[in-house]
Amino acid sequence: PDISMIFSADPKTHEKVDVVVVEVKRRKSDDRESIYAGAQLVKRARKLVDHCPSIQRVWYFAIIEIDDSLAQLLRDMNWVPLFSRGRLFYQDFKVRRTRDNVEVPTPTCLISFDAVIEDAAARNHTFLELLKHGFKQASEKQPSDLRDAPAST
């Protein structure tokens with residue numbers, strides 16, 4: 001798996017930090033790895049909070065293949081589908097730190113490859129439309145004497 005971890009601050013110098021973990025699974029027609037992804041993420045979160053006691057929250061994102069069958073299974077397992085142009089499911093887990101039995105929230109998202117690509121395209125389109133609208137409004141708000149003045153050559 002491809003994994004990226006981003007800490008909100010240096011865990012060696014800060015008492016409390018959040019960590020974001022992004023994991024990309026291989027795209028395959030065999031869905032066993034995708035089905036196991038949620039459980040695997042919780043197991044990894046427990047190891048992470050045991051290793052680094054300053055972690056107060058682990059945000060986990062797995063980018064996986066989600067077909068119709070897996071989407072139905074996730075809904076049956078109480079994963080919450082979120083708005084997306086692809087498939088995106090959320091579940092709020094908690095892992096217990098071994099040394100002090102403290103619960104560490106571990107919000108987890110399973111995201112389809114299609115969701116990553118199509119949601120990014122939709123956000124980019126929306127951003128460009130907002131920019132165009134902002135430029136149009138700014139040009140309409142110019143002082144009337146500048147709009148009415150003849151163009152200089």
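A: Strands S4 and S5 form a hairpin, with six residues between them. The model is predicted, so local features are described only at pLDDT of at least 70 and side-chain atom pairs only at pLDDT 80 or more, whereas totals for chains, interfaces and linings use all residues. Residues are numbered from 1 along each chain as its sequence is written, and side-chain values use heavy atoms, with hydrogens and water left out.

Strands (E, at least two residues) and helices (H or I, at least four) are DSSP runs numbered from the N terminus. Two strands count as paired if DSSP finds at least two bridges between them. S4 and S5 run antiparallel and are joined by two bridges. Within this pairing, Val80 stands opposite Tyr90 of S5.

S5 also pairs with strand S6 (residues 103-112), again in the antiparallel sense, over nine bridges. Here Asp92 faces Pro107 of S6 as its opposite residue. S5 and S6 likewise form a hairpin with six residues between them. In that turn, Asn101 has a positive phi of about 60 degrees. In a regular strand, side chains alternate between the two faces of the sheet.

For accessibility, buried means under 20% relative accessible area, exposed over 50%, and partly exposed in between (1.4 Å probe, protein chains only). Arg96 is partly exposed at 39%, and Glu103 is partly exposed at 39%.

A further salt bridge joins Arg87 and Asp68, at 2.3 Å from N to O. Arg87 lies in the loop between S4 (80-81) and S5 (88-96) and Asp68 in helix H2 (residues 68-76), so this pair ties together parts that are 19 residues apart in sequence. Arg87 is partly exposed at 27% relative accessibility, whereas Asp68 is exposed at 56%.

The structure holds five salt bridges. Among them is the one between Asp18 and Arg57, whose closest N and O atoms are 2.8 Å apart. Because Asp18 lies in strand S2 (residues 17-24) and Arg57 in strand S3 (residues 55-64), the pair ties together parts that are 39 residues apart in sequence. Asp18 is buried, with a relative accessible area of 13%, while Arg57 is partly exposed at 27%.

Note on methods
Salt bridge = Lys/Arg side-chain N within 4 Å of Asp/Glu carboxyl O.
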